[in-house]
Amino acid sequence: QVQLAESGGGSVQPGGSLRLSCRVEDTIYRNSCLRWFRQAPGKEREGVAMIYTGDGLTWYTNSTKDRFIISQDNANRAIDLQMNSLKPEDTGVYYCAASQVPRFICISTWNRAFEVPYWGQGTQVTVSS
């Protein structure tokens with residue numbers, strides 16, 4: 001079973017920052033479509049950001065592109081999500097997800113949760129005053 005292990009998360013006030021990290025099993029790290037999803041109570045899981053580890057291409061959903069930064073750490077086989085200027089609507093469980101697909105498929109399908117084969121266990125992010 002492929003292993004994805006998230007860390008980070010927690011509670012923060014609006015306007016604050018948090019950093020998430022996801023350790024990815026060696027067998028799927030290279031040339032992989034890695035992303036972060038989140039799920040708020042009563043809502044569908046939505047894509048937050050994507051990175052293609054083959055060349056570092058990144059993609060963001062509109063609500064996060066000016067506040068979040070996704071990056072890769074090749075030495076540790078990990079991806080990070082730096083979340084700045086957090087808002088209450090960013091609250092939810094954040095999941096690391098992976099699929100080994102070609103770059104062009106990653107670009108067109110990265111935010112489709114139902115097509116992702118590998119998931120982490122999730123980490124809670126709460127933004128509240």
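Two strands pair if DSSP finds at least two bridges between them, and strands (E, at least two residues) and helices (H or I, at least four residues) are DSSP runs numbered from the N terminus. This is a predicted model, where local features need pLDDT of at least 70, side-chain atom pairs count only at pLDDT 80 or more, and totals for chains, interfaces and linings use all residues. Residues are numbered from 1 along each chain as its sequence is written, and side-chain values use heavy atoms, with hydrogens and water left out.

**View 1. Strands 7 and 8 run antiparallel.** Six bridges join this pair. Look for Ser 71, which stands opposite Asp 80 in strand 8.

**View 2. The largest nonpolar core has 26 residues.** Such a core is a set of buried Ala, Val, Leu, Ile, Met, Phe, Trp, Tyr and Cys residues joined through side-chain atoms within 4.5 Å; buried means under 20% relative accessible area (1.4 Å probe, protein chains only). Trp 36, Phe 68 and Tyr 94 are among those with the most contacts inside this core. Elements supplying at least two residues each include helix 1 (26-29) and strand 9 (92-99), while strand 3 gives the largest share, four residues.

**View 3. Here are the surroundings of Tyr 94.** Leaving aside neighbours within four places in sequence, Tyr 94 is in contact (heavy atoms within 4.5 Å) with residues including Glu 6, Trp 36, Arg 38 and Gly 122.

**View 4. A second, separate core has six residues.** Among them are Cys 33, Met 50, Tyr 52 and Leu 57.

Key:
Buried < 20%, exposed > 50% of the residue type's maximum accessible area, 1.4 Å probe, protein only.
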